[in-house]
Amino acid sequence: MDGFDPESLKNVAAACPGFQARATARALTRYYNACFKPLGLTAEQFSLLVGIGADEGATVVGLAEQAGVDPTTLSRNVLNLENRKLVCATGGRGRAGKQLALTSSGHQLLTDAFPVWNAARAELAEQIGEDKLCTALQAMAKLAEAADFPAT
C-alpha cells in the first residue's frame, strides 16, 4: 500500500485518546467487577442502579442518553435488573415511556454496594493520588465534550 507505514501504527496506542479510553474503561470495569463480585453485582449494573436511584422515574432512553450508550443495550440490562427484582418499570410503553424505579431490594443492594464503591474509589486515589484522580476525571469529561462535536 502506498503511504502505509506499519511503524507509525506502533504509536497509535500511546497517542490515541480513544484507544487509551477503551483500554482504561476495560481495566476499570474489571477492577469494579472484582470489587462488586461478592454482592453479585457488576460495574455496569451498579452504574445503572445509581442512575435509576438518582433519577427515579427516568426512562431507558433518558438513561441511555446520559450514559452515552445504545438504548437497546441498556434495555437488556434493565430487564436483567427487573428479573432480579431490583428495578421496576411502570407506565408508558416501550423504552421511551416506561419509568424506572428501584425496588426495596434494589435500594438495599445499592446501600450495600455504596461502601464497596467508596472503598474501591479510595484505593484508586491511594494508588495514583487524589489530585491525579480528580484531574483524570476532569480530563475525561472535557474529552467527552470535545468528542461530542462532529468530526470535520
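This is a predicted model: local features need pLDDT of at least 70, side-chain atom pairs count only at pLDDT 80 or more; totals for chains, interfaces and linings use all residues.
Residues are numbered from 1 along each chain as its sequence is written, and side-chain values use heavy atoms, with hydrogens and water left out.

Let me begin with the aromatic rings. A search of the whole structure finds 4 aromatic pairs, where rings of Phe, Tyr and Trp (its six-membered ring) pair if their centres lie within 6.5 Å, and planes under 30 degrees apart count as stacked, over 60 as edge-to-face and the rest as tilted. The rings of Tyr-32 and Phe-36 have centres 6.1 Å apart and planes at 25°, so this pair is stacked. Both residues lie in helix H3 (residues 17-36), 4 residues apart, which is about one turn of the helix; helices here are DSSP runs of H or I with at least four residues, strands are runs of E with at least two, and both are numbered from the N terminus. Tyr-32 counts as buried at 13% relative accessibility, and Phe-36 is buried with a relative accessible area of 1%, given that buried means under 20% relative accessible area, exposed over 50%, and partly exposed in between, with a 1.4 Å probe and protein chains only. Ring pairs also link Tyr-31, Tyr-32, Phe-36 and Phe-46 into a cluster.

Turning to the cysteines, the search of the whole structure finds 0 disulfides, a disulfide being a pair of cysteine sulfur atoms within 2.5 Å. Cys-134 is in no disulfide, and the nearest cysteine sulfur, that of Cys-35, is 18 Å away. Cys-134 is partly exposed, with a relative accessible area of 31%, and Cys-16 is partly exposed at 28%.

Finally, helix H6. How far apart are the end C-alpha atoms of helix H6 (residues 71-83)? They are 18 Å apart, which agrees with the 18 Å that its 13 residues should span, the expected span being 1.5 Å times one less than the number of residues. In H6, Leu-74, Val-78 and Leu-81 are buried. Seen down the axis of H6, its buried residues fall within an arc of 55°, so they line one face of the helix; the arc is that of the directions from the helix axis to the C-beta atoms. The face turned away from that buried side carries the exposed residues Arg-76 and Asn-83. Just after H6, Lys-85 takes a positive phi of about 65°.
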